[in-house]
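This note is meant for a colleague who is meeting the structure for the first time. Please read it with the sequence and the model open alongside.

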Amino acid sequence: MNHDAQPAAISNEQWRHAKALQQQLDALLGEVLGAAKLSHKLGSVEESVQQVPALGRVALASSLPLIVRNKKRKEFIGGWLNYQISLAGDGVPLQQDGTPVGAVLHVAHWACEFAFEYDAFVGFPASAWQPWENRGNRLLWWEESESHFGAEWTYTLQLAALKDDEALLAAVVRPALALLQGKPLDEALPADVPGLLRYHDVAVADGCDLRVSAG
C-alpha cells in the first residue's frame with residue numbers, strides 16, 4: 001500500500017477538531033516562547049492549509065517566528081518553530097508494513113516557515129530531505145542550518161495522543177523549548193513523550209526513506 005491509495009475525505013468534525021487544536025497550540029506556544037524571550041507573546045503566527053483533490057483540506061500548519069535581538073537591541077526573525085497537523089495526504093508517514101500510521105502532528109525547528117504552497121512542509125516519501133541524522137530513532141537532525149538557533153530538527157507525534165493541554169505541554173511545548181535551548185536529547189525529548197513515533201531509516205533506490213512505529 002502506498003500514498004497513492006485514497007482515504008475517505010476529511011469530515012467537517014475532523015477539521016474542526018484540528019482547528020481547535022491549532023488554536024490551543026498557538027496560544028500555549030506563544031505564551032511559553034514569549035516567556036522565554038524567544039518570540040513575542042502576541043507575535044504574528046503564519047498559517048497554511050493543504051488541500052488535495054477529492055479529499056479537500058487534509059493538513060494545516062502554524063509557524064511561530066523565533067526572535068533574535070542584536071547588540072543594538074534590534075530584532076529580526078532568526079528561525080521558525082513550526083508544527084503541522086496532517087489528517088491525510090503526503091504528510092502522513094507509513095508504518096513498517098507500508099500502511100499509513102494515521103493522523104499525526106509534526107514539530108519542527110527550521111530556518112523557514114511552513115508553507116504548503118511553496119512545498120515547505122513535512123511530506124513523504126522523505127528521500128528529498130536526506131541526509132539526516134536519526135537521533136534515538138525519534139528526532140531527525142540536520143546540523144547544517146541557516147537558522148540562528150542552531151541545527152534544524154523534526155519529530156512526529158500521533159494526533160490521537162494529544163487529548164488535552166497537559167498532553168500538548170508534555171509532547172509539544174516543553175520538548176520544543178528544551179530542544180531550542182540546546183538540552184540533550186534524553187532530557188528534551190524522552191522516549192516516553194505521549195504519542196511519540198519512532199523513525200526507521202529504510203534503504204530505497206534514491207537513497208533513504210523513513211517508516212515509523214509507535215513507541
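The numbered points below go from the whole chain to its strand pairs and then to one helix residue.

1. The model discussed here is predicted. The protein chain contains three helices and nine strands. In sequence order these elements follow the pattern α-β-β-β-β-β-β-β-α-α-β-β. The radius of gyration is 17 Å, close to the 17 Å that the globule rule gives for 215 residues, so the protein chain is as compact as a globular protein of that length. The C-alpha trace spans about 55 × 35 × 35 Å along its principal axes.

2. Of the 215 residues in the protein chain, 49% are buried. Among contacts with a separation of 6 or more, 61% are between residues 24 or more positions apart.

3. Strand β3 and its partners. Which strands pair with β3? On one side of the account is strand β2 (residues 56-69), which runs antiparallel to β3 and is joined to it by 11 bridges. Within this pair, Ser63 stands opposite Asn82 in β3. The hairpin of β2 and β3 has five residues between the strands, and Arg73 there takes a positive phi near 65°. The other partner is strand β4 (residues 104-110), also antiparallel to β3, with seven bridges between them. Here Ile85 has Leu105 in β4 as its bridge partner. Strand β3 itself (residues 75-86) is mostly covered, with nine of its 12 residues buried.

4. Strand β6 and its partners. Strand β5 (residues 133-135) is joined to β6 by three bridges, and the two run antiparallel. Asn134 has Leu140 in β6 as its bridge partner. Three residues lie between the strands in the hairpin of β5 and β6, where Gly136 takes a positive phi near 60°. Strand β6 also pairs antiparallel with strand β7 (residues 152-158), again through three bridges. Leu140 takes part here too, with Thr154 in β7 as its bridge partner.

5. The two faces of β6. In a regular strand the side chains alternate between the two faces of the sheet. In strand β6 (residues 139-142), Leu139 and Trp141 point one way, while Leu140 and Trp142 point the other way. Is this set of four buried or exposed? All are buried, whichever way they point.

6. The β8-β9 hairpin. Strand β8 (residues 197-204) and strand β9 (residues 207-214) run antiparallel and are joined by eight bridges. Two residues lie between β8 and β9 in their hairpin. Asp201 stands opposite Leu210 in β9.

7. A residue of helix α1. Gln22 lies in helix α1 (residues 12-35). Is Gln22 buried or exposed? Its relative accessibility is 2%; because buried means under 20%, Gln22 counts as buried. Which residues does Gln22 contact, leaving aside its neighbours within four places in sequence? They are Glu47, Leu60, Ala61, Ser62, Tyr83 and Ile85.

Conventions
Residues numbered from 1 in each chain as written. Predicted model: local features only at pLDDT ≥ 70, side-chain atom pairs only at ≥ 80, totals over all residues. Heavy atoms only, no water. Buried < 20%, exposed > 50% of the residue type's maximum accessible area, 1.4 Å probe, protein only. Contact = heavy atoms within 4.5 Å. Rg over C-alpha atoms; globule rule 2.2 N^0.38 Å. Pairing = 2+ DSSP bridges.
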